[in-house]
Amino acid sequence: MKPFVTVKPHEYEYEVNKSRFIGICRRVSDDASAAEEIAAIRKKYRDCTHVCYAYIAGESARSCDDGEPSGTAGVPIMECIRSARVNETLVAVVRYFGGVKLGTGGLLRAYSHTASRTVADAEKTEVADCVAYKVSYDYAVYKKIEKRQLQSLYKTIGLEYNKTVDVIYAAQNEQTFLAELQSLTQGKAVIERLGVRRVERACGNK
């Protein structure tokens with residue numbers, strides 16, 4: 001699996017011509033989890049006029065206009081998700097009608113603006129399938145290398161001080177990582193391959 005970026009929960013509110021739009025983004029892993037999140041949003045905003053949404057979860061991609069004119073809500077929301085290059089992401093836009101019709105163009109702009117700001121302002125997480133290694137160092141060796149940066153490292157996911165210093169690393173390229181580790185420690189470490197793990201790391205809000 002190639003690394004991908006997803007979102008942390010976030011909400012954004014926008015008002016135009018007395019209509020209130022609330023953008024909501026959530027991380028979803030599949031159709032079932034997306035359905036659960038949509039149901040929860042509908043329940044929370046049960047008095048709203050529309051709950052329009054789109055989501056991408058792996059190979060699944062769906063959108064809904066929820067009673068708005070066809071193509072004015074779900075499609076622009078989906079375009080915002082694709083433009084942001086995020087996956088496992090649901091964006092819903094709740095609308096409270098304010099009594100003034102916005103027209104097709106107005107709806108497109110309102111839903112697009114709300115969705116794009118919701119995704120853009122959300123904190124992001126990068127997700128990757130990595131190989132995890134437990135590396136055990138003598139304390140003297142670890143003291144010498146602990147501040148050295150492994151360029152091929154994806155993330156350090158564990159650290160324990162036992163009879164040895166035991167560090168669990170996650171790497172995407174095994175050969176590069178092992179070669180770099182060997183060079184750094186001059187072979188003075190015990191390496192144990194733990195297998196493939198899905199690892200996440202923060203990547204800001206842009």
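Residues are numbered from 1 along each chain as its sequence is written, and side-chain values use heavy atoms, with hydrogens and water left out. Because the model is predicted, local features need pLDDT of at least 70 and side-chain atom pairs count only at pLDDT 80 or more, while totals for chains, interfaces and linings use all residues.

Helices and strands are DSSP runs numbered from the N terminus (helices: H or I, at least four residues; strands: E, at least two). Five strands form an open sheet in the order β2-β3-β6-β4-β5, with antiparallel pairing. Two strands count as paired if DSSP finds at least two bridges between them. The edge strands, β2 and β5, each pair on one side only. From one strand to the next, the twist averages 15°. Angles run from 0 to 180 degrees between N-to-C directions, and axes are lines fitted to C-alpha atoms, for helices over the stretch in contact. Within the sheet, β3 and β6 pair in the antiparallel sense over eight bridges. I24 stands opposite A92 in β6. Helix α1 packs on the sheet and touches β2, β3, β4, β5 and β6. The direction of α1 makes about 160° with that of β4.

Helix α2 lies across β4, β5 and β6 and runs at about 35° to β4. This helix covers residues 74-84, and its buried residues are G74, P76, I77, M78, C80 and I81. Buried means under 20% relative accessible area, exposed means over 50%, and partly exposed lies in between (1.4 Å probe, protein chains only). The buried residues of α2 pack against β4 (50-57), β5 (60-64), β6 (89-96) and α3 (103-121). Contact here means heavy atoms within 4.5 Å. Just after α2, R85 takes a positive phi of about 55°.

Helix α3 has 19 residues. At 1.5 Å a residue, α3 should span 27 Å, and its end C-alpha atoms are 27 Å apart, which agrees. The expected span is 1.5 Å times one less than the number of residues. In α3, the buried residues are G106, L107, A110, Y111, T114, A115, T118 and V119. Their cover includes β2 (10-16), β3, β4, α2, β6 and β7 (124-137).

The largest nonpolar core has 21 residues. Such a core is a set of buried Ala, Val, Leu, Ile, Met, Phe, Trp, Tyr and Cys residues joined through side-chain atoms within 4.5 Å. The residues with the most contacts inside this core are F21, I77, I81, V91, V93, Y111 and A115. At least two core residues come from each of β3 (19-27), β4, α2, β6 and α3. The largest share, five residues, comes from α3. In soluble globular proteins, nonpolar side chains tend to be buried together. Leaving aside neighbours within four places in sequence, V91 is in contact with I24, C25, C52, Y53, A54, I77, I81, A115 and V119.

Several loop residues were also examined. Y45 is found in the loop between α1 (31-44) and β4. At 9% relative accessibility, Y45 counts as buried. Beyond its neighbours within four places in sequence, Y45 is in contact with E11, I22, I24, V94 and Y96. The C-alpha atoms of Y45 and Y137 are separated by 54 Å, and these residues are 92 residues apart along the chain.

Most residues other than glycine have a negative phi. K18 is not a glycine, yet its phi is positive, at about 75°. K18 is found in the loop between β2 and β3, and its relative accessibility of 61% makes it exposed. D66, also not a glycine, has a positive phi of about 45°. D66 is found in the loop between β5 and α2. With a relative accessible area of 25%, D66 is partly exposed.

Strands β8 (residues 153-161) and β9 (residues 165-171) run antiparallel and are joined by seven bridges. They form a hairpin with three residues between them. K155 stands opposite A170 in β9.

The structure holds zero disulfides. A disulfide is a pair of cysteine sulfur atoms within 2.5 Å. For C130, the nearest cysteine sulfur is that of C203, 14 Å away. C130 is buried, with a relative accessible area of 2%. The sulfur of C203 is 13 Å from the closest cysteine sulfur, in C25, too far for a bond. C203 is partly exposed, at 33% relative accessible area.
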